[in-house]
Structures are given as C-alpha cells and as structure tokens.
Amino acid sequence: MSVFALLQIVGGAAAQTAQTPGAGLEHLPQPDSGWAWFIATVVKMLLTFTLYMVGVMYVIWAERRICAFIQDRRGPNRVGPHGLLQSIADGVKNIMKEETYPGQAYMPLFILAPAISFTAALLTWSVIPFAAPWASKWGTLDMALAPMPIGFLFTIAIASLGVYGIVLAGWASNNKYSLLGGLRSSAQMISYEIAMGMSIIPVLLLAGNVSLNQIIDQQAGYGIHWNVINCTVAFFFFMISAFAETNRLPFDLPEAESELIAGYHSEYSAMKFSMFFIAEYANMMTASALMATLFLGGWDIPFTTWDNVAPHTFIKTLVTFGVFWVKLLFFVFVFIWIRWTLPRFRYDQLMALGWKFMLPTAIAYVVVVASASLGLQYAGIPIDSWKFSVAMLVINVVMMVLIVGVIDRGRLISPAYSRLDKRDLAKLRQARYDRARFQPATSEGGAD
Amino acid sequence: MAIGVKVLDRPIEQTSYVRATLKGMALTLKHLLDTDKVTIQYPEQKWPLSPRWRGTHRMLTTEDGKAKCVACGLCPTVCPANCIKLVPGEDENGNRYPLVFEIDEFRCIFCGYCQEVCPEEAIHVGRHYENSEYSREGFVYDLERLMAQTHPVCEMWDPADPKGE
C-alpha cells in the first residue's frame, strides 16, 4: 500500500503548492444540537441505503433491457410494466432456492466471502456527497452520509477490500476454476488499483485536498472547472481502471465463462450468488458515482452558479440530487454499453495495458499537471479562472491525441494479425535461434 | 535458421484498436435505438406455420358425425414408430369401423405416412404444436379426442405441384 503513502505525501505537498479554491462553498459547521445531527444521519442512512439498493435493482433491470435492445431482443418485459419488477421476482426466487455447499469447501470463508464483497461495495457509498448541503434551521446538513476529511482515500481503501471477497470465494470453493478466477482477479485488481491511484493524483493536486467535498467545491461553477476538462487524461485512465476494478467487460477475466465456467463464483448458488451479483452492480454504481464526483463536479449543475451560492435551500438540495443521479446513470449506461460491445482482453494485453502503459503515463501526467498548474499560477492565471481550464484543455487534447495514437499503434492491445515491429521480429528470431543452440542435440525420452 | 513467419503489413486502418472500438460502439448504439426487434411475444404472437407443418393428429368425420376411418389397417402397418393401435370392428351391414383407435403422440415421429397412406382421407397430421399434459398417459389420444380436434390439417406435398402453387 505504498501507493497510498505516496499519495498522501504528494497530496500534502500539493495542498501547500495548489491554491485553496475560491469560488466554492464555504463549509459551515455541522448542526449545533447533537440530536439534529443524529436524526439527520439516521435519515440519510436509510435514504442512502434504500436508494442504493433500489438503484442496484433497476440497474440490473436496465442492463438486461439494454443488452436485449443491443442484441435486437426485448429483454424482461413480463413482470410488471416493462418488466420493472423483474429484479424483485428474481430476488424472491433466489431466496427460495436451495443453497448448495461443495463438500470440500472451507465453510467459514465460503460463507463470509459474499458478505465481504457485498459490504465493501456498499461501504464506499457512505462518503460520496450526493447533493448540495442544506442550510436547514437546525444547522447545515452535509448531504453525504459521513463527510470525512479523508473521503477519497477511504473510497480507494474500501475498493481494494473488495478483492478479498473475490479471492476468498475463489480459494474457499476448493475448485480449480474458482481459484484461477480469484487469482486473476487479485492480479488484475491490484495492477489497476495502482494505475487508478496514480491517475487520480492530478485531481487531488488541483483540489489541494482529498476530501470529496473540497474536490467538488473546486469544480463548482459554470462547469468549466470540471476535472474532465482540467484532467481529461486522468479521467480516461480512471474510467479504464474503474472498468477493471469492477470486473466488467472488457476486463472480466475473473469470471471469464469461456475459460473458467463462472470464475470465482462457480460454486455459489441461490442468495450467495445473488450477493456477488448485487455486489458487481453496486460496485458499478459506486464507480459511476466516483467518476461523477471526481470529474463531472458531483452534484454541480453546469452553466449556472445558482446551486453554488449562498441560500442553500432544500429545493437546491433536491435539484442537485437529481443532477447527481443523472450523471451517475450516464456512467452506468456507458458501463453497460461498453460491456455489450467489446470482447474480453487477453491476459497479457490486460497486464501490458495496466503496467506498461497506464502506470507510467499516469505518473508522467502527474508531472505534467503539477508543472502546468504551477507554471500557470506563476504566469498569473489562478486555478479558478477560465483561462486556466482552457490552457489545461489544450494540454489535455494534445496528450489525448498522443495517448490514443500510442494505443492505436497495435503494440499493447493488438490483434494477432497486426504488424510486428522490425525490431521485435529480429528479437523473436534471435530468441528462437538461441533456444535451438543451447538445447541438447538429442532429447532422450525426457518430458518436452 | 530464421523462422518462416509471414508478416502481413496491414494498414493501420485494419489493425487499429481504437477505431475498431469506436466502430463497435456506434454499431451497438444503432441497434440499441433500432425499434425493430426479432423476438416474437409468444403467447400473444405466433409464428405462422407452413401449410405442410406436420403436428398433432386429427381424425376427420363424415357429415353424420362418425369417423371416416374404415379400419383398413394401413396406417398401423405403415407407421414407422408403431404408435397407432387399431382394433377393427364390423357392424350388421358389413361396414368396418375402428373399435379402438389410439395414437401415442409421444411415440409418433410426425412423418405423416398415416395421412399419405389413408385411402379414406380420415387420419391427418395437423398444423398444431401446443401439446401439454400432466402425465404421459395424457398423450395417448383416443378416437373421440382425435375427432374433437379442430385445428387445420396438413397439406401434404404434391409431386404434381412441388412448390405448392
């Protein structure tokens, strides 16, 4: 976890170099009365949990409908209007079904694993601000369950806990395919966590803080300060990593059904399988919420500052809540759309993309953003001016063109028939030659 | 000793990952917005059956409501699956009629030979496929049940009119 330590150091340094945001919300203290705070927290907990679970239900429904439409089918449309109650019917079915336990499975972990993945998926949601704070008569209420000052680090830490559920499920099943799925998942998630952590540092540099509220404040305004403009490359990398972290296609190697039956959840049945399933979609929603928060300004409404200025009425809270969900559902749609378009990566392609490409480029991008923002501030352009965003946008467009160009050269994620570099071909020939030279002339009945 | 790898120098348009991805996304989006779906909503909509569809049997009747069958015994003879059970009887005028006529729809392979061989055009295979029963015995159709079927019957292939025109 040296990445997080590094992240903290860089974040700390950034807090000193980067300017604290000017055009944001001033965070008023929490309500004076302990009771108001307590009741507000309980209400927020119930609201968040309910919305999240209902959201997961309908995201599953949306996935099935959208995938059906993409394949020119109709999808579930029998249970309730347009099949809206399908997920409830499936839930009831899964609760009623028999749980099967493999004879040689290690029971405690076998039972614990789905719970771990499920809980880890749920926990992240607690720090995400889902609406503008409400200046009620009992004090200002932050519209996040737990507005932690270390919000972003918390999300990353909990997201990396999710891999335990998968690895333990794979190991405890005592099934070779499950184990392979779990191993693949751990390799993949750890690789991409690093790229994810690195890709997010530019955002933290600009916000000067790891608190999600501060990150949103820094992006508040007309939408020109959104990090998708300021750090497009980081957004691109974060999105790729988010796909890998949630084990969605094109990164669904842990459950590659053509190779591993169903990967880590081959041996799970009934509600335990359902919990993995819910966890997958919950993770997807969490990743979408994080992308919306970090790069699309969270609950910020573009083209207006109505939502960012002083009288923080309840109606503003409601509207920003809606805007946040629109952004979230947009990313959910992108997740689904990509899943039903792209085929799965090969394992070496996955690793090459993560380690050889995304990690070094993300580190280089940290340097680029840090020097650009420092240089622009020396040139008299503060972070909260529109000139800063335009300058960053120009840098980002140039970098994106370069990055897409590199991906497009066919070295990293290349089809088998793509052209081979002259250099690589010479290397291949040399390797073949060396192998032939150093092998004994006759192999005498040994295993080849 | 060089390896004989044939390296195809394909143009970048054919090997590009990004371009292929974007093309694929556009294609799936096009299908997503396409309202023309191939699914048939089964209980409400049904696929039109061919006029030569060979399904559940049907025994045709004369105008006075009796089976046309004269119990000649050709259909149980020709039946390759041995699914027709026929016990012939004879009335006081010397007219033969089936005392027992049963078809086991489970054993039947729906070849349609019984219809082809029948001199009285009594037994037919029909344009019908929705059979379900709670027991296997329910699939043994007796004469009353065969006569009670109302679905259209199969039009056998006619060698004089091979395209059915």
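From the N terminus on, the elements of chain B run α-α-β-α-β-β-α-β-β-α, that is, 5 helices and 5 strands. Helices (H or I, at least four residues) and strands (E, at least two) are DSSP runs, numbered from the N terminus. The model is predicted: local features need pLDDT of at least 70, side-chain atom pairs count only at pLDDT 80 or more, and totals for chains, interfaces and linings use all residues. Residues are numbered from 1 along each chain as its sequence is written, while chains are lettered from A and ligands numbered from 1 in the order in which they are written.

Chain A has 15 helices and 2 strands. Of its 448 residues, 43% count as buried; for the 165 residues of chain B the figure is 21%. A residue is buried if 20 or more other C-beta atoms lie within 10 Å of its own, exposed if 12 or fewer, and partly exposed in between, with C-beta atoms placed from the backbone. Two residues are in contact if these C-beta atoms lie within 7 Å. Among contacts with a separation of 6 or more, residues 24 or more positions apart account for 78% in chain A and 73% in chain B.

A nonpolar core is a set of buried Ala, Val, Leu, Ile, Met, Phe, Trp, Tyr and Cys residues joined through C-beta atoms within 7 Å. The largest one has 107 residues, of which Val203(A), Ala234(A), Phe237(A), Phe238(A), Met285(A) and Met291(A) touch the most other members. Helix H11 (residues 270-295) of chain A gives the largest share of this core, 15 residues. Leaving aside residues up to four places away in sequence, Val203(A) touches Ile215(A), Asn227(A), Cys231(A), Ala234(A) and Leu294(A). Another core, of 19 residues, lies apart from the largest one and includes Ile84(B), Phe101(B), Cys114(B) and Ala122(B).

The chains also meet through helices. Helix H2 (residues 34-70) of chain A and helix H2 (residues 17-33) of chain B pack at an angle of about 100 degrees, with their axes 7 Å apart. Axes are lines fitted to C-alpha atoms, for helices over the stretch in contact, and angles run from 0 to 180 degrees between N-to-C directions. H2(A) and H2(B) are therefore roughly perpendicular to each other, a term for angles of 65 to 115 degrees. Ile66(A), Phe69(A) and Ile70(A) of H2(A) make the contact with Thr28(B), His31(B) and Leu32(B) of H2(B).

Elsewhere, helix H15 (residues 422-438) of chain A holds Lys427(A), which counts as exposed because it has 12 C-beta neighbours inside 10 Å.

Terms used. Angles under 35 degrees count as roughly parallel, over 145 as roughly antiparallel, 65 to 115 as roughly perpendicular and the rest as oblique.
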